[in-house]
Structures are given as structure tokens and as C-alpha cells.
Amino acid sequence: MDGATPVDGPTPLEGAAMTRGKPFLGLAPYGLLFAAFGLFPLAYALVLSFLSYNPLRPDLVRWVGLDNYVRALASPSFWHALGTTAIFVLGTLPVTLVLAYGVAALLGRARRGEGFFRAAIFFPATLSMVVVSLVFKSLYAEEGLLNGWLAALGLPSVHWLLDVRLALPSIMAMDVWASVGYYAILMLAARKTLPEEQLEAARLEGIPALLVERKIVLPHLRPVLLFVVLLNTIRAFQIFIEPFVLTRGGPLESTLTLVYHLYDRAFYHFEMGYASAIAFLLLLLVGLILIAQRRLLGRGAAGAPAA
Amino acid sequence: MSARKAGTGTYAALTAIAILSLAPLLYMARVSLGKGGDLPIAPADWFGRPLSLEHYRDLFSGGPMARFTLNSIIVTGIAVPIQILLAAAAGHALARARFVGRGVFLALATAFLILPRQVTLVPLYLLLATFGLLDTYAALILPHLADPFGILFMAHYYQTMSPELEQAARTDGWSPGAIFWRIVLPLSGPGLAVVGVNGFLITWNAFLHPLVLTTSESMRTLPVGLALFAQSEHRVDWGALLAGSTIATAPVLIAFAFFQRQIVEGVLKGSGR
């Protein structure tokens, strides 16, 4: 599965089956759609990011060069949204990673009922984030389950989503709940390919389980761990639905993420050029982080046994 | 697999995690099957109160929920079969033929796999607006058809499939079309199941694009309709909201029950971002 990770770049598709042929009948329909709704919008977004563009005032559209970028980098709102997103990413990623690792280890040890446990743990990851957010909105509500239980214990109720200090952590907790199963399944699949004889030999020699985990299992899981970190980073940077449904970016913009900021600029203020510049800054940032992560964590991954 | 004995501790922990994982969803279903707008707090409320379809009846009598559901079904029902056909046709072409620009195409498609989708949100909005397609089913469907996951997945799939049968048919004078429809497609079931079920999940659950590309209530899909419904209410009707959420979840549960293995395979190959 190592070669199948999209972050590895295009896997060479070469083989004896290749023929020189006319592939265009098969490729053309998708090729046209990809060009129209993939490549063209990407190029258009880049052009837009250099324009002042309000769709309601086409007469005022003009080239502004790097002004949108300069304006974003000088804007407190941009940095605030970036900071909120960074807190979200840095707060959820390690927790999700550790929990998913533990859950995968437990699933890997289960003999009977593994299928049930795997399904139960993985299912939430396939749900619409809107549904997840609505369910947690009901749990976090002033009159909701969590406050009901606190009251039953004689404790004062907590304003999970209305308190500036608690809203973002509440969303982060929900997000961890919703994504642990996803990453646990990825890690479980890699665990299934562990070298059986090596583990058996280690056990017969009486090597402690934790040492086996560290010396044999962890190196083996390295490629999938890198994949999970990259994927989780990409996804976390795009967080939007959760604050949109739970808090509308509030209270006091404490949950206003980068994509929410982009959405707000583009579709409430109609600053489409500026919003496109934010999108490219997001793209640039995610790209740089992915490269940095590959450099840092990818070291040694090449030497690890391929999953 | 490790042959370590799984002790009681392992099963106790797994059971606790499974409960934690499913409890919020069972709670959602329980609230949706209750009466009135308040949330049941105590376990006695969950099990003691009578079950009722009141919220579902209210949702579908006059409210826009029936329309949201219909829209989601239409969009998914059109987009997913087209995605499957595109993936088979383009994937097969990429796997079998060598041509100029093939490497570039593969590189671009792979780059799009990890590209944050928000980058193309604004231009897609302007593009569809230019052609008067905002707030139409076309706006809800077309962007999904450009997703490169299925094409790349099927290209790999065909790469591992022996071309002998196709070559024999070509020697016998079959046309490329006949070879594709009568030989390639019938052998593509397992791969197309992965493409189809993952395409279904992504299309059914899509939110940001449908939110932006539709403006009238009658064009909202389920996730968008539910999210805006939750925002618009001053006093939230939890029963109705969670009944709508349950409706949005039911098809996902059914897909999961039948295609869990294919969903996992899609995840492993990078279908989600």
C-alpha cells in the first residue's frame, strides 16, 4: 500500500500490456471534465488572486498584482484565522495519531469479533461531517446531554460552544472522535503485513512486548504513519464544516478557521480575488508543511520494510 | 498477524471504544424517534420514553426536508454511475495505451488528489455563474465528475489485469468499443465497486461546494439543508434536526454494511482528503 499513497507522486504505470494506441475515445470524456472543472478553475484561481474582483461590480475589476497577498499577510483577520487553524491542526494531530495507533494495536490483537469491532470503530469516519456536527451540537447544547450529566453530578453547566476558551477545544474533541477510526483502519492494514516469523522469534526469546513494538512494529509502520500524518494535516487545514455548523466561527471569532475566512471573504464580501489569494496561501502552506514532514519523518522510511 | 493472546483487557478496551464510537449515533437515532423538542438526558429517558415517528412525519409533511432528500438522491444517482463509467474508460486508456502527454496527465491527476478543494471553489462558482448554471443540478454534479481518484484507481486496477483476453479479441477483429463493453467492463466489477462506493460517500456527504453553488432552498442537498436549518432556528428543534441527520446517515449505513471492504480499500488508496 506504500506505493498507492497519493502523496508519493504518480506511481509509474508501465508494463508489458502497454500498446501504442488511440486512447482518446476512452480518455476524452474525463479529460474534458478534468480540464473544465479541475485544471481551468485552478489556473483561473491563480489569475483571480492577482485581481480585484467583485462579481457584483464587473466594471471595477482590475489587475492589482501582489496586492491581495500583501493585504492578507498584513491582515490581523488572516493571521487570526491561520492561528486558529494551526491550533486545531497541532492540537488534534498528535492526539488522533496516538489514539489511532492504540486502537489499531488493540484491533490487531483481537481474534474473535475483530470484524465487529473494526466496523464499529470505522463507521463514524464514513459519516457526513454535518451529521457528526449536528449530533455533537446536541450533546454540547446548554440543555444537552453533557450539561445534563454535569447537573446530575451537582456540577455547574459548561458553555461548551459559547465560551471563547472552550469552543475550539470542543470542536477539536469532536474531530478526534470522528477521525480516530479512519486512521486506525489505515494502521491496522499495515499491521496485518507484519513479519510473522520475526515476531514469533522475538517472543520465543522472551523479548518484552514493548521492545518488540518499538524495534520491529514501529519501523514497519513508519510508511503508514507518514501517510497518516500527511493526510491528517491536509484534512485538518481544510476544517470548515465543524465551525460552520457548531459555532458559525464564533464566539468572538474563536473558531474562525482559514477556510471559513476564505468562504466569508468570497461569498459574504464578494472579494473573490482576495479569497483566491487566501486559497493559494493555504495551498502554499500545506505544500510546505507536507514537504517538511516528508523530510523530517520520511527519513528512514525508505529503509523500512515496505508495507 | 501477531499471535499474542488477546486477553480480557483487550476485549474490555475494544468494547469501551466501540461503545464510545457508536453511542453518539445511537443517541441521534433515539432522539429522532422521540416526541417533543427536548433532549433526553438520563438513561431512563432513553429506554423509558415511548418511540414515535412524529419527527419524521413532521419533517416530510410540508417542510423542505423531502426536497433536500430528493436532491441528494438525484445528484448522487446521476453523478456516481457517470463517475464509474469515466473511471473505467479513462483508467483503461491510461493503463493500456502509450501516448504523448500521458505522464503529464498522470502527474496532474495525482496532484489533484491532494489539492485542497477550496482552491477551485471561487473559480468554479464564477465559471458556473457565467454559464447560468448556478443553483442547478449541473452545478451540484459536474464538479464531482472531475475527481481524479476513480481514474487513477482504475488505471492501477487494469495494470494488474492481464491484457491477453483483449489482445485475443483484437486479433479476432473486435472493435475497441466492443472489447471495452463486452470484455473489459464485465471484468471490472471489483475495482468499480471501490470507485462507486467511495464516489457515493464523497458525493452524498459533500458540503462546501453544494453550499456555495446553490442559492435557493429548493436546490439544497441534505447536508446543506440540515446545516442551514440548524443555523436558522432560534430555538432548535432537536428531534427534527436529528431525524434529518438520521435520514442522511441511513444510506451511508447501508453502503457500509455491504461495501465496508471496498470503502477501506478506497481509503487506503487515498480516496479521501
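**View 1. Here is A:Arg248, in the loop between α10 and α11 of chain A.** Helices here are DSSP runs of H or I with at least four residues, strands are E runs of at least two, and both are numbered from the N terminus. This is a predicted model, where local features need pLDDT of at least 70 and side-chain atom pairs count only at pLDDT 80 or more, while totals for chains, interfaces and linings use all residues. Residues are numbered from 1 along each chain as its sequence is written, and chains are lettered from A and ligands numbered from 1 in the order in which they are written. Look at the backbone of A:Arg248: its phi is near 50 degrees, a positive value in a residue other than glycine. Most residues other than glycine have a negative phi, and most peptide bonds are trans. A:Arg248 has 15 other C-beta atoms within 10 Å, so it counts as partly exposed. (With C-beta atoms placed from the backbone, 20 or more others within 10 Å make a residue buried, 12 or fewer make it exposed, and anything in between is partly exposed.)

**View 2. Now for a cis peptide bond, from A:Gly250 to A:Pro251.** Omega for this bond is near -10 degrees. A:Pro251 sits in the loop between α10 (241-246) and α11 (258-267) of chain A.

**View 3. Over in chain B, B:Asp135 also has a positive phi, near 65 degrees, in a residue other than glycine.** You'll find B:Asp135 in the loop between α6 (121-130) and α7 (137-145) of chain B. It has 17 C-beta neighbours inside 10 Å, so B:Asp135 is partly exposed.

**View 4. B:Gln83 is part of helix α4 (residues 65-96) of chain B.** This one is buried, because 28 other C-beta atoms lie within 10 Å. Setting aside neighbours within four places in sequence, B:Gln83 is in contact with B:His144, B:Leu145, B:Gly150, B:Val195 and B:Gly199. (Being in contact takes C-beta atoms, placed from the backbone, that lie within 7 Å.)

**View 5. Two helices of chain A, α3 (residues 76-109) and α11, cross here at roughly 145 degrees.** Their axes come within 7 Å. (Axes are lines fitted to C-alpha atoms, for helices over the stretch in contact, with angles from 0 to 180 degrees between N-to-C directions.) From α3(A), the residues A:Ser77, A:Phe78, A:Ala81, A:Leu82 and A:Thr85 meet A:Leu258, A:Tyr260 and A:His261 in α11(A). Sort the residues of this contact and you get 5 nonpolar, 3 polar and no charged. (Nonpolar covers Ala, Val, Leu, Ile, Met, Phe, Trp, Tyr, Cys and Pro; charged covers Asp, Glu, Lys and Arg; the others, Gly among them, are polar.)

**View 6. This is where chain A meets chain B, with 90 residues of chain A in contact with 83 of chain B.** Helix α1 (residues 24-48) of chain A supplies the largest share of the side of chain A that touches chain B, 15 residues. That side divides into 64 nonpolar, 16 polar and 10 charged residues.

**View 7. Last up is the largest nonpolar core, with 166 residues.** (A nonpolar core is a set of buried Ala, Val, Leu, Ile, Met, Phe, Trp, Tyr and Cys residues joined through C-beta atoms within 7 Å.) A:Ala184, A:Met187 and B:Ala87 touch the most other members. Helix α7 (residues 167-191) of chain A gives the most to this core, with 15 residues. Not counting residues up to four places away in sequence, A:Ala184 touches A:Ala100, A:Val103, A:Ala104, A:Leu107 and A:Ile121.

Note on methods: Contact = placed C-beta atoms within 7 Å.
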